[in-house]
Amino acid sequence: MKTNPKTPAEALADRITARLEREKLLAEDRVSRFSAALASGKLKAGDWRLAIEAVKPKAKPSTE
Amino acid sequence: MTRLSSLRLEALRGATRSFELKFESGKSVVIIFGENGSGKSTICDGLDLLCNGNVGSLDRKGLGAATSRFWHSTNRKSTDIEITLASSAGTWTAKVAKGKLTVIPSEGRPRVAILRRHQILDLLTGRPGDRYEAVRPFIAIDGVDESERALRDLMNDVERQQSIANARIGENLQSIENIWKQVGCPAPSKFEWAEAEANRDTAELDQAINLIRNVTNQRNGLTSRSQDWEQAGTRVENARTALNKAEAALNTELQNAVAGGEELTQLLQAARHFFQHHGQPEACPLCGSREFAGGLPESVENKLDSLDSLQAALSDRAKAQKALDQAAAPSQTAWKQLNKAADEMCSACGGDWPEDLPRPTAITQVHSERIASGADSDWPHELIKKLSTEATKLGEALDPELNRRTQRRSLLQTLRDALDQYRHNQQQKGELDALLPRLRNAHVALVEERHAFVDEILRRIATRVGELYEEVHPGEGLSKISLQLDPDKRTSLDVLSQFPGAKDPPPGAYLSESHLDTLGLCIFIALVELDAPAQTVLVLDDVVASVDEPHVDRIIEMIYNVSEYFAHCVVTTHYLPWREKFRWGWLKNGECQLIELGEWSMNGGVVGSKSTPRIDVLRNLVAEAKPDAQLVTACAGVVLEAVLTFLTRTYECAVPQRRTKPTLGDLLPAVNKKLRAALRVEIHDSPVAEGAAAPTVMIGDALNKIEQFAALRNIMGCHFNDIAFQLKDASGVEFGKMVLELADGLLHPEHGWPASDKSGEYWSNGKKSRRLFPLKQPA
């Protein structure tokens, strides 16, 4: 069996941030720092809010 | 990959004397064989204490948490304990002082994972929570859990903020409605009306309010200054009255006074002094007359009193004059201020005047009269009084106008504030409405990924456990185990297996103790494999006691197979066949080191020895300067039996079945002529040049020769027989050499017997250094 040099928390954090980026919930330039903070438990409520709010959802095209 | 070099134990547990274990280089598996109580666990304890800071063999023995008092040998002190471990990466020494372990250097110690007998059942039959603790290091995601909590807190907070924003929006709308009703529901849509009202220009309204307030202030100022002036005038009048009175009193006193009052006073004061010292005179001391002499002192006193009243009247008059002077100055100041207030009152009424306010016509008229009376002089008193009266009337007319306008202004401000708050809360609600679903999506993603991640690890562990278990119990159909976290209790791990007719039963329900041991071992190995196995020494302390022989062979094979992932594998056992298999080369002796422990004693401590394969024993015997023929033939006979047993089993030869074990007389003929003619071994100890033939040993020829000497085994080696008296020792030694040559041809000292037919052409050992032909017995 191959060994993973990352801790389980780091490996999981990578998966989660990749998914968040894929789903446009996290900006690409934040992924690295976000993943490290997520793994170490240093991500506070304010950090989550900033990160999620930093990626504004595209406005729906006007029907008028 | 780190390999152990040596381990030295001093005063630790069974090591009552210094004991050193040398690990042979290039051998990944070390088997430590010894009877119970020989010191196997002491060796494991040494590795455990130095590398893990614990002596696991003392756990769960009712010794309490502080087992350090039992670390040292009973005949030594704890401070005597010294453990030295050397490996390819360095050397570490552990000592104990005051019950605390110190390892120098503290960094870089090899990782050691030890499985002991009592732990196997913990993995299978212990509480799910305990089992989770064993798996926890591999699914330890505490940091992510902490971050997930922060996300959940944020979602709750945003939901709370959203509720508050909704409530505030309701309050804002209610305020707007209340104002709309207050003004009599002036439009069908209260909200449209509110927006229109809030946008209304209030400049004129503010201007009117400011003008009225200014006029009111000036009116109040005029009234106040007027009062000040009147009060000042009253004070002047009072002072003047007091002065008049003081002057009248003075005049009266002056009329009573006589000329030369001052000299008279001095004379009278001297007379007073005389009478005070000489008492009542009988005659006047001046003229000597006795007439009136009796009342003379009283007359002096009366005269002096009338002169004091004059002095007091003079003083009172001066004070009254001063008071009048002091009252006159403020009165003049108050008059000037009153004049100024009157001017300002007129000025306040003189600018632009809103049409819908009562006009200050009377004030304007008074002002005109004032100008007509002379602008440079003071206001006439009557005109100021008139102005004050008209100002009061105007103020009374303006007060309701001010109230009406300030109320309207306040209402508009309240409406604007309500609308501003409504818009602010609407915006905040909009932001929260947009944020919350995204947070929920992030949380869903996190939870799904966490579940998938943990499930994947558990599935990997379970799959690996199944693979290992299948190696030991092939085809038994019991390898499909699963590890599942209790969804309600994330720290609870269930082990489930598959049995015909039973749905996900725990292994303990149906597996035998032997199977449970194997499963526990497989779970342990699968777990340790997950975490940096190349830096880990795997130690299995007597964990295969209950497994029967065929399964032990497979466990040994499985341990060999997994040993390539680990830095080193140390296996202790008291299972005798393991030692014998090593002695007969049935283990992978090249990859395996067998250390045999002797009988332990208090004085001798743990005693180790190197176990020697039987073929090497024979080699040593024939190599002696003067070989002992009896020992050589006895040993050669045993080795020959092993060779023939291997051949007859490999080719499924017909061996007579008896109550006793087959003898050489049974085994030799079983290898028949056809087979002997075909039997040959190619030796590939070193690469063979292309086109060249590998060195070959013709087994049949060797057997034919040996057969002629085989009787020597019984005659010289095994029994007292007088026939042996007539035989030369050299014949017995020759027999031994022929058997040794046959065995060396067939068996590689490190790669073992050619027991695998995987090539499809010949039988071979692990490294194919021996290739035995043919694959099948000739028909």
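Mentor: Terms come before the helices. Axes are lines fitted to C-alpha atoms, for helices over the stretch in contact, and angles run from 0 to 180 degrees between N-to-C directions. Helices (H or I, at least four residues) and strands (E, at least two) are DSSP runs, numbered from the N terminus. This is a predicted model: local features need pLDDT of at least 70, side-chain atom pairs count only at pLDDT 80 or more, and totals for chains, interfaces and linings use all residues. Residues are numbered from 1 along each chain as its sequence is written, and chains are lettered from A and ligands numbered from 1 in the order in which they are written.

Trainee: At what angle do helix 4 and helix 5 of chain B cross?

Mentor: Roughly 80°. The axes of helix 4 (residues 142-182) and helix 5 (residues 190-198) of chain B come within 10 Å.

Trainee: Which residues make the contact?

Mentor: B:Ile176, B:Glu177 and B:Trp180 from helix 4 of chain B meet B:Lys190, B:Phe191, B:Trp193 and B:Ala194 from helix 5 of chain B. Contact here puts C-beta atoms, placed from the backbone, within 7 Å.

Trainee: Switching to chain A. How many helices and strands does it have?

Mentor: Chain A has 3 helices and 0 strands. The order from the N terminus is α-α-α.

Trainee: What percentage of chain A is buried?

Mentor: Of its 64 residues, 28% count as buried (20 or more other C-beta atoms within 10 Å of the residue's own).

Trainee: And what does B:Val539 touch?

Mentor: Leaving out residues up to four places away in sequence, B:Val539 touches B:Cys44, B:Leu47, B:Val112, B:Ala113, B:Ile114 and B:Val570.

Key: Two residues are in contact if their C-beta atoms, placed from the backbone, lie within 7 Å. A residue is buried if 20 or more other C-beta atoms lie within 10 Å of its own, exposed if 12 or fewer, and partly exposed in between; C-beta atoms are placed from the backbone.
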